[in-house]
Amino acid sequence: AQKAWRASVHCTAELFGVARMLSGTAEVALALPPGATISHVLAALVAKEPVLSGRVISADGSRLVDGYVCNVNGLDFVRTAATAVHPGDRVMILSADAGG
């Protein structure tokens, strides 16, 4: 049996472009374990939106596939899945070629 954990990091994943088109949603509320990282966000996102697996997020849920980037709170582009996620963060998933 898996040990139950109490979620302490609530954040929102925002989907843009193909990710939004595939999932049919713009935002996904996530509840993550204490000490959560971007890899937790991606795994939780695949659990809620399985259509993203292998298309936007790697099949094992650990990273974005090539051509996608992650931004936190519209400020920082994330380069590693080990980046910490804090309560209230907005994690944006978008195509690397989006924009002008």
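Predicted model: local features only at pLDDT ≥ 70, side-chain atom pairs only at ≥ 80, totals over all residues.
How many bridges join β1 to β5, and do these strands run parallel or antiparallel? Four bridges join them, and the two strands run parallel. Good morning.

Five strands form an open sheet in the order β2-β1-β5-β3-β4, and the pairing is mixed. The edges are taken by β2, residues 27-32, and β4, residues 76-78; each has a single partner strand, so one side of each is left without a neighbour in the sheet. From one strand to the next, the twist averages 30°.

Helix α2, residues 38-48, packs on this sheet and touches β1, β2, β3, β4 and β5. The direction of α2 makes about 120° with that of β2.

Strand β1, which covers residues 9-15, pairs with β2 in the antiparallel sense over six bridges. Within that pairing, H10 has A31 of β2 as its bridge partner, and C11 stands opposite L30 of β2. Towards β5, the bridge partner of T12 is R90. Why can β1 be called largely enclosed by the rest of the structure? The reason is that six of its seven residues are buried.

Next comes β3, residues 68-72. This strand is joined to β5 by five bridges, and the two run antiparallel. C70 has I93 of β5 as its bridge partner. To β4, strand β3 is joined by three bridges, again in an antiparallel arrangement, and here N71 is partnered by F77. The hairpin of β3 and β4 has three residues between the strands, and in it N73 takes a positive phi near 60°. Strand β3 is also largely enclosed by the rest of the structure, because four of its five residues are buried.

Are C11 and C70 buried or exposed? C11 has 3% relative accessibility and so counts as buried; C70, at 4%, counts as buried too. A disulfide is a covalent bond between the sulfur atoms of two cysteines. How many disulfides does the model contain? The count comes to zero. The sulfur of C70 is 9.6 Å from the closest cysteine sulfur, that of C11, which is too far for a bond. The cut-off behind this reasoning is that the two sulfur atoms must lie within 2.5 Å.

I turn to V91, which has its place in strand β5. V91 has 0% relative accessibility and therefore counts as buried. Leaving out residues up to four places away in sequence, V91 touches T12, A13, E14, I38, V41, C70 and N71. V91 and L22 are 69 residues apart in sequence, while their C-alpha atoms are 17 Å apart in space.

What, then, lies in the interior? The largest nonpolar core has 28 residues, and those with the most contacts inside it are L32, V56 and I93. At least two residues of this core come from each of β1, α1, β2, α2, β3 and β5. The element that gives the most is α2, with six residues. The buried residues of α2 are I38, V41, L42, A44, L45 and V46, and they pack against β1, β2, β3, β4 and β5.

I93 itself touches E14, L15, F16, L42, L45, V56, L64, V69 and C70, when residues up to four places away in sequence are not counted.

Finally, let us look at helix α1, residues 17-23, where S23 is found. S23 has 15% relative accessibility and so counts as buried, since the limit for that term is under 20%. The side chain of S23 reaches the backbone oxygen of A19 at 3.0 Å. Apart from its neighbours within four places in sequence, S23 is in contact with L15, E49, V51 and L52.

To close, I return to the sheet. Its order is β2-β1-β5-β3-β4, with β1 and β5 running parallel, whereas β1 and β2 pair in the antiparallel sense. Thank you for your attention.

Technical notes. Residues numbered from 1 in each chain as written. Heavy atoms only, no water. Buried < 20%, exposed > 50% of the residue type's maximum accessible area, 1.4 Å probe, protein only. Polar contact = N/O pair within 3.5 Å; in protein donor to acceptor, adjacent residues only side chain to side chain. Contact = heavy atoms within 4.5 Å. Pairing = 2+ DSSP bridges. Axes fitted to C-alpha atoms, helices over the stretch in contact; angles between N-to-C directions. Core = buried A, V, L, I, M, F, W, Y, C linked by side-chain atoms within 4.5 Å.
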